[in-house]
Amino acid sequence: MAEKSVTQPGSTFDPSMLIDPYDPAELDEAKLESDITRTTESAVNGDYVLVIGSRGLMDVGYCGGIDDADALMLGLARAAARNDRNPDSWFNDFNNLCFHLKDKSKSLFATVFTRNRLTKQMINRAVVKLIESKAFRVVLTTSPSPVVEQIMRDTWGDALKVLGISDREHSDIRENDKVDGDKSLMPPILYYVFGRPDSANSDFALNDNEKIEKMKVWLDGKSAPGRILSYVRSKKLFAYGCKFDDWFFRFLWHTFRTNGNIGRGDVALPFDIENSEEDKRLRDYLSSYNVHIVDEPELYITRLADRITANLTRFTGRYDIDPDDLHRHVFISYTHRDYVNAMRIYNRLVDEKIPVWLDHYNLKGGDEFTKEINKGIESCGVFLPILSSSVRADSEKILAWKKDSSLPKPKECDSYYRSVEWECACAENSNWEIIPVATFGYDKTQEYHHNVVPDAMKGKTVFDWATTPYSKLIELIKEALGNKK
């Protein structure tokens, strides 16, 4: 008798059970989405220090197919050596440049760094958005190019502190750079791991031997910049664009970790695992320590930057207002580029059990949304407008355009809701307290402050987040809400 086939009628086995009903692409997308959501939450909470190398910094469309900031800078230095305006070839590593230019290499490189011919259009837009999100207050760069500094200076203005390791002075953050012990309130800092190019001296590393000498400084317990090291070791690392050989990157990674403990929620994005043997070895090494490895760095940082600055939900922390319990919550007013600052204030208020109305949107208009905003303001007890470098820049552009109509008209979408909220908050006979909060990059003592805030806010005492313990803001809010009883 022939053996019964599993496909015959009456069989108890259904071959379709062996077919995965889920689309692998959908599973990968769901995994990526979950991963980015977790990283976004950590970044917004200030859990990461961003470590940026030179790979993937440039927009290949504007840079002739080159995505490496170091290669671009080296080409410019070589062109300077030949007095060429347009380099016709590129050196891919520092050793080649140093051997080719010999003693002139550092002075030429410093000259190119100082002149900085790299425009914003030449820089990878995803990297720009990641830094502009303000989720990473402390950034370490292993590249001697001015790219990261340029983006951070555009983002933070004069509030940015630029430091770097050198042979003459091992720059460190100051003891009072921590506000009320809250490390998430660290002022914006860019640290050049191998020194910042400077025409006045040669205390920056170009070739591998010089970089090893800098690493010895980092590892020296007596002369190393101890406070920045302590800060970095208290955070997770998010490393993008680092292109070092396997052994060299291990050395760097261990510098920022103690006792080999390098798998504490860190994220690494080796740039070219598919084609680079060094990146493959680096991936395997870091994976053995449970460092989270991302195989598609370009896609990942693009999605991450969008997620940090885009709306997760239309309303975050919005409370339904009980008509019998009005004026008992805080309304946070902010431009969308200050979402990270708004969320950090929001989280602290929630920890204190203070109700908060915080809208998180990515809209450019809408009567219903404006109506909801006005409703939230009219029923609040404290109106908390965030004054930032973004607010200042928006206002300065609008003011300049009003004085000179020949200038391009500023885009109003970024400041639209802020203007709506401030107009509503400054209405006559309002029944709420206004407490403006100035963040890093905004100086309430400067003349522009009077052009930024409306007349009804000019007499309000500004809370300076950069210099005043955060606990004082909590006290002010609780006192104001208490007076509404």
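## Two lysines with positive phi

In this predicted model, Lys353 is placed in the loop between helix H12 (339-351) and strand E10 (356-359). Lys353 is not a glycine, yet its phi is positive, at about 65°. Most residues other than glycine have a negative phi.

Lys134 also has a positive phi of about 65° and is not a glycine. The loop that holds Lys134 runs between helix H5 (125-132) and strand E2 (138-141). Are these lysines buried or exposed? Lys134 is buried, because its relative accessible area is 2%, under the 20% limit. Lys353 has a relative accessible area of 74% and is therefore exposed, the cut-off being over 50%.

## Strand E5 and its partners

Strand E5 covers residues 236-240. Four of the five residues of E5 are buried, so the strand is mostly covered.

E5 pairs with strand E1 (residues 48-52) in the parallel sense, over five bridges. Within this pairing, Tyr48 has Lys236 of E5 as its bridge partner. E5 is also parallel to E6, and three bridges join these strands. Here Phe238 stands opposite Val267 in E6.

## Nonpolar cores

The largest nonpolar core contains 82 residues. Phe238 is among the residues with the most contacts inside this core, together with Met58, Ile332, Leu349, Leu384 and Ile477. Another core lies apart from it and has 37 residues, including Phe194, Ala239, Phe256 and Leu286.

What is Ile332 in contact with, leaving aside its neighbours within four places in sequence? Its contacts are Ala342, Ile345, Tyr346, Leu349, Val356, Trp357, Leu358, Asp359, Leu384 and Ile386. Leu349 and Leu384 in this list are also named among the residues with the most contacts inside the largest core.

## Cavities

How many cavities of 30 Å³ or more does a search of the whole structure find? The search finds four. The largest cavity holds about 50 Å³ of space.

Its lining consists of Ala239, Tyr240, Gly241, Cys242, Phe249, Ala268, Leu269, Pro270, Leu282 and Leu286. Strand E5, strand E6 (267-269) and helix H10 (277-287) each contribute at least two residues to this lining. By class, nine of the lining residues are nonpolar and one is polar, with no charged residues.

How values were computed: Residues are numbered from 1 along each chain as its sequence is written. This is a predicted model: local features need pLDDT of at least 70, side-chain atom pairs count only at pLDDT 80 or more; totals for chains, interfaces and linings use all residues. Side-chain values use heavy atoms; hydrogens and water are left out. On a 1 Å grid over the protein atoms alone, a cavity is a set of points where a 1.4 Å probe fits but cannot get out, and a pocket is an open set with protein on both sides within 12 Å along at least five of seven lines; lining residues have an atom within 4 Å of a point. Grid points are joined across faces, edges and corners, and a volume is the space filled by probe spheres set on the points. Ala, Val, Leu, Ile, Met, Phe, Trp, Tyr, Cys and Pro count as nonpolar, Asp, Glu, Lys and Arg as charged, and the others, Gly among them, as polar. Buried means under 20% relative accessible area, exposed over 50%, partly exposed in between (1.4 Å probe, protein chains only). Two strands pair if DSSP finds at least two bridges between them. A nonpolar core is a set of buried Ala, Val, Leu, Ile, Met, Phe, Trp, Tyr and Cys residues joined through side-chain atoms within 4.5 Å. Contact means heavy atoms within 4.5 Å.
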